[in-house]
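Biologist: I'd like to learn how to read contacts in a model. Could you walk me through them?

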Amino acid sequence: MQTFLLRRWWLFRRRIFSTMTFVVALPIIIHLALTLGIGNIILETITKFSYQKWLYPGLVLIVNTIVIIPIIYREFFDLRVNSRTLITLSLTPLSKLQLIGLLLLTALAEATIFSMVAMTIFLYLMDLSLSILDLLYILVAMNLFGLIVSNGLITISLLTDRINTFFIVTFIFFFFIIFSSELLFEFQFYPFRISAVFENLPTSMVSNWCRSLMFNGNFYWTLFITPLGIGLVWIIFNSVLLKRKLRQ
Amino acid sequence: MEASITLKKVGKLAGDKTILAGLSFGIERGSMVAIIGENDAGKSTLLKVLAGSEIPDYGNVFIHGIDLTKRRKNSQSYIGFVPFNSDLDPFLSLEENIRFIGSVYGVKDSNITKRIKKFATDLNFMDSLHKRASITSPGNAKKAMIVRELIHDPSILIIDEPTAFMDVGSGRATWDLLRRLAGEKTIIYVSQSLQEVERANDRILVMQQGKIILDGTLDRLLESTLQYHQFEIEFVNLTEKLFNKLAAVTTVVNPTKIGNTIHFYGRERAVFFQVLHEAAGELMKDLSVKKLSLRDLLDSEFAGKGLD
């Protein structure tokens, strides 16, 4: 794990300026584009909580998702299709499961650090005060959400061999995640049949779990364990997929 | 001698095309083996199968007696594989690329540093170690790939074109290093440079259409063509009648006509004089005689059918 983290640090060091500009600019742009506008239309949630506070974890999860995309693209698409470094890495004594697990964990760690910067900026811009415990819940939710999203992106990376296909599918996946995971709007705004389906998606469970803790203090084990279980099983699926893709 | 690598009826298919056709052979520990052959003969695929980069469709590969497919984790540490094109992480420096793979293999930092210094000095690219792989020359990238695969001290080194993209000096330094390592490590390589293969002068496998058609040392391979010579006689006017007359000489082998020049092979130089005798009275412009080399051996006439 340390080796993989060190490698991410080497990569980050080489593009520190561009990365930090992106990490700082991203929450500002999202705030200008989404929060300011929607915040003036929706003041309270249907369940009578402050919309800005309700939206906050959703915005953090959106940033987390955006940050994860280039990391997963680089590790699983670019390094497999273009520079073929992933093939060399697959010839080391690491099993495919270990390889996927380590690359995914380092991606999550890096995305978490960047998302924490975004969390701070959002807190300042939205003028919110949240307890340390609330922030901690969001951090856990962010990693759980990231686990699902990363696995989805790894599957896309492994199933596609052309960059156009990768980005089109990722674009669709991204928007599906944003609008099906209760990040920006409550499911009560959606038709019943659609919301009934979306509620059972693992990503929705994560945002639901986080908000239940933040607003009601209820810890729903099902909402926590199910996405975690799906994420872990998905890692195994991806390792099998990698093995088949590399014909090893 | 103990076998380093053993192949048992190893085959690889691509759709209905056979890439490797049931290969069975062994490679002795510490030997240096060159794989040569025409394009699409299956050389690179064979290297990938030996390196575990691709699994065979049938048959088994054993590395020091361990089945490469079934006990991959155990066998993989014995192998270092350098593919033809760069597979370095383009955004890391050459040194970071080497260090990362070394750490993944569990090599101590101090050993990594020591080995990088030693091999990079041997291959003359110490100054380029800090350069990003994406902006370094392909020759230096190849050197870094060789060092990267030596960093975990494998007992088998598999290289696709060891000196590809390198200048003459770098090529020489690479061969010096490989020759020093041979004996201690089993080195298997594919090369299009037959001069390099002739100089390395160890075991040579000649591949054609997924099969090994010749296997042995250079001397042994050339034994099949021993005393064969290649002759060329350029006439002022080589008519069909004259060509047929010369081709009819019983000791002339594989005669071909290109313009006014006749090419043929013969077991002894005496053949040349028999042909000259037949062509008495015809005006000649040029003639040459040479002994057969590995290049001639690879010509389809020889490798495919043989002279006899």
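Modeller: Happy to! Contact means heavy atoms within 4.5 Å. Leaving aside neighbours within four places in sequence, B:Asp160 is in contact with B:Ser44, B:Leu47, B:Val82, B:Pro83, B:Phe84, B:Lys142 and B:Val190. This is a predicted model, where local features need pLDDT of at least 70, side-chain atom pairs count only at pLDDT 80 or more, and totals for chains, interfaces and linings use all residues. Residues are numbered from 1 along each chain as its sequence is written, chains are lettered from A in the order in which they are written, and side-chain values use heavy atoms, leaving out hydrogens and water.

Biologist: Is B:Asp160 buried or exposed?

Modeller: Buried means under 20% relative accessible area, exposed over 50%, and partly exposed in between (1.4 Å probe, protein chains only). B:Asp160 has a relative accessible area of 8%, so this residue is buried.

Biologist: And what about the interface: how many salt bridges does the rule find between chain B and chain A?

Modeller: A salt bridge is a side-chain nitrogen of Lys or Arg within 4 Å of a carboxyl oxygen of Asp or Glu. The rule finds five across this interface. One of them joins the side chains of B:Glu54 and A:Arg247, at 3.8 Å from N to O.

Biologist: How many residues does each chain bring to the contact?

Modeller: Chain B brings 29 residues and chain A brings 26 residues. Buried area is the accessible area (1.4 Å probe) that two parts lose on being put together, summed over both. Here that comes to about 2,300 Å², with 61% of it on carbon and sulfur atoms.
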